[in-house]
Amino acid sequence: MGAVIKIIEFKKLANWKEEEMFRPNMFFLLLLPPIIFESGYSLHKGNFFQNIGSITLFAVFGTAISAFVVGGGIYFLGQADVISKLNMTDSFAFGSLISAVDPVATIAIFNALHVDPVLNMLVFGESILNDAVSIVLTNTAEGLTRKNMSDVSGWQTFLQALGYFLKMFFGSAALGTLTGLISALVLKHIDLRKTPSLEFGMMIIFAYLPYGLAEGISLSGIMAILFSGIVMSHYTHHNLSPVTQILMQQTLRTVAFLCETCVFAFLGLSIFSFPHKFEISFVIWCIVLVLFARAVNIFPLSYLLNFFRDHKITPKMMFIMWFSGLRGAIPYALSLHLDLEPMEKRQLIGTTTIIIVLFTILLLGGSTMPLIRLMDIEDAKARRRNKKDVNLSKTEKMGNTIESEHLSELTEEEYEAHYIRRQDLKGFVWLDAKYLNPFFTRRLTQEDLHHGRIQMKTLTNKWYEEVRQGPSGSEDDEQELL
């Protein structure tokens with residue numbers, strides 16, 4: 001798209017200069033919140049909460065390690081006149097933004113080849129939290145840049161940055177969690193199940209509310225909306241009618257997909273339309289530092305976690321996790337958001353970020369499937385099943401409307417028999433099943449189940465009649481459909 005538009009402009013057939021301008025505020029206010037909220041809302045919470053400790057360690061400490069390794073490497077290489085010089089805060093800002101991973105291609109391949117679900121969740125869960133952590137780290141570096149730090153020692157600067165990060169991370173997470181829990185209680189005690197449009201409107205308001213609240217009190221709206229999405233999916237979603245559950249899932253997925261597509265379209269336009277500053281040594285050293293930082297992140301933390309995990313992270317899984325560190329839309333948008341002077345420095349950061357994004361997506365992402373099959377970590381049955389046909393469509397799940405995890409039809413007695421009496425639950429999963437879930441979610445009565453089924457059958461019959469452009473066919477056909 002970018003190449004076509006550039007050719008048209010070169011021939012002076014049209015001019016899209018104004019439309020090509022990608023304003024960072026538009027990204028952070030309109031495009032990024034739906035992407036982050038949907039990633040938290042569509043999480044497979046069973047595997048996520050069982051691996052919450054490992055995911056948090058990779059996403060928080062791993063991302064911080066990666067940011068410090070890349071930022072420190074760029075700073076010291078600049079001081080040694082190997083690459084262009086950046087000051088400490090600018091180096092750390094670049095290290096933070098380039099640490100945001102987006103393994104979309106890898107996750108699609110994982111799902112298609114049915115690899116170990118723990119590996120799938122570790123990579124996917126890390127990428128979700130990692131985006132928010134990377135944004136908070138970048139904002140931390142920007143905050144230090146705006147302040148006059150000339151009279152402050154390096155140790156004091158580090159402590160200030162650490163305090164700012166902890167305030168942003170835990171404050172925003174607490175605000176998002178609180179908003180999600182309030183939405184669960186509101187929709188539990190105010191029954192809107194017979195008015196799906198109003199119910200859906202309330203969900204949209206609660207979805208965007210933590211972002212606005214967090215930004216208004218100088219916290220991270222992205223971190224708040226992520227935790228709100230996780231909590232609302234885990235509790236609030238089960239207080240909705242079946243129609244609103246399906247509507248919420250499909251709307252979020254569609255909007256998030258369109259937002260991601262818009263960001264990548266802008267990335268393609270920027271390759272051909274915006275001024276660049278390309279420095280071969282800077283690009284090569286940044287790629288080396290990014291890969292090295294990913295290794296320093298994954299391998300030591302995995303060995304540490306294996307002392308506490310029942311399901312061990314094998315060396316093959318570690319290598320795949322290191323290889324899946326693709327970069328995507330968020331590093332590119334963050335690079336535009338950096339307020340760097342002079343303009344040449346900003347162009348250098350932007351150009352390098354685009355090259356790293358394309359390098360990781362095209363080379364690493366394109367090599368993932370043969371690498372997985374070469375390392376033989378794919379499930380044997382799945383290998384035979386997928387030998388002839390592998391579908392990597394990212395939007396395939398958008399057609400799978402009803403998910404057993406999201407459409408709960410358990411009564412009070414069934415829930416108790418299915419969850420509370422199980423002996424293998426422990427930790428947060430046991431606490432959630434025993435106390436939190438019963439408190440924040442509505443247990444359905446037989447009447448609720450009957451009404452939900454009637455509601456779904458009514459919609460199905462309406463669709464069937466519209467497809468047939470008239471009354472339903474024979475009674476046998478209609479009975480088979482229902």
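Reader: Which residues have the most contacts inside the largest nonpolar core?

Author: Ile74 and Phe94. The core has 107 residues. Its largest share, 13 residues, comes from helix α8 (residues 117-146). A nonpolar core is a set of buried Ala, Val, Leu, Ile, Met, Phe, Trp, Tyr and Cys residues joined through side-chain atoms within 4.5 Å. This is a predicted model, in which local features need pLDDT of at least 70, side-chain atom pairs count only at pLDDT 80 or more, and totals for chains, interfaces and linings use all residues. Numbering starts from 1 along each chain as its sequence is written, and side-chain values use heavy atoms, with hydrogens and water left out.

Reader: How many helices and strands does the chain have?

Author: There are 21 helices and 0 strands. Both are DSSP runs numbered from the N terminus: helices are H or I with at least four residues, strands E with at least two.

Reader: What does Phe94 touch beyond its sequence neighbours?

Author: Setting aside residues within four places in sequence, Phe94 contacts Val70, Ile74, Cys286, Ile349, Thr352, Thr353 and Ile356. Contact means heavy atoms within 4.5 Å.

Reader: What makes α5 oblique, rather than roughly parallel, to α6?

Author: The angle. The axes of α5 (residues 52-79) and α6 (residues 88-97) cross at roughly 140° and come within 7 Å. That makes the pair oblique. Under 35 degrees is roughly parallel, over 145 roughly antiparallel, 65 to 115 roughly perpendicular, and the rest oblique. Axes are lines fitted to C-alpha atoms, for helices over the stretch in contact, with angles from 0 to 180 degrees between N-to-C directions.

Reader: Is the crossing of α5 and α6 left-handed or right-handed?

Author: Right-handed. Among the residues in the contact are Val70 and Ile74 of α5 and Phe92 and Phe94 of α6. By class, the contact has 8 nonpolar, 4 polar and no charged residues. Asp, Glu, Lys and Arg count as charged; Ala, Val, Leu, Ile, Met, Phe, Trp, Tyr, Cys and Pro as nonpolar; the others, Gly among them, as polar.

Reader: How do α5 and α13 cross?

Author: The axes of α5 and α13 (residues 280-305) come within 8 Å and cross at roughly 145°. The crossing is right-handed. The contact holds 19 nonpolar, 7 polar and no charged residues.

Reader: Why is Leu301 called buried?

Author: Its relative accessible area is 9%. Buried means under 20%, exposed over 50%, partly exposed in between (1.4 Å probe, protein chains only). Leu301 therefore counts as buried. Leu301 lies in α13. Beyond four places in sequence, it touches Leu57, Phe58, Gly62 and Ile65. Leu301 and Gly62 are 239 residues apart in sequence, yet 7.6 Å apart in space, C-alpha to C-alpha.

Reader: What makes α15 largely enclosed by the rest of the structure?

Author: In α15 (residues 329-337), 7 of the 9 residues are buried, so the helix counts as largely enclosed. Pro331 and Tyr332 are among the buried ones.

Reader: Is Asp81 buried or exposed?

Author: Exposed, because its relative accessibility is 60%. Asp81 sits in the loop between α5 and α6. Its phi is near 60°, a positive value in a residue other than glycine. Most residues other than glycine have a negative phi.

Reader: How does Ser218 count by accessibility?

Author: As partly exposed, at 49%. Ser218 is in the loop between α10 (196-216) and α11 (221-234). Its phi is near 60°, again positive in a residue other than glycine.

How values were computed:
A crossing is left-handed if the near helix is turned anticlockwise from the far one by less than a right angle, and right-handed if clockwise.
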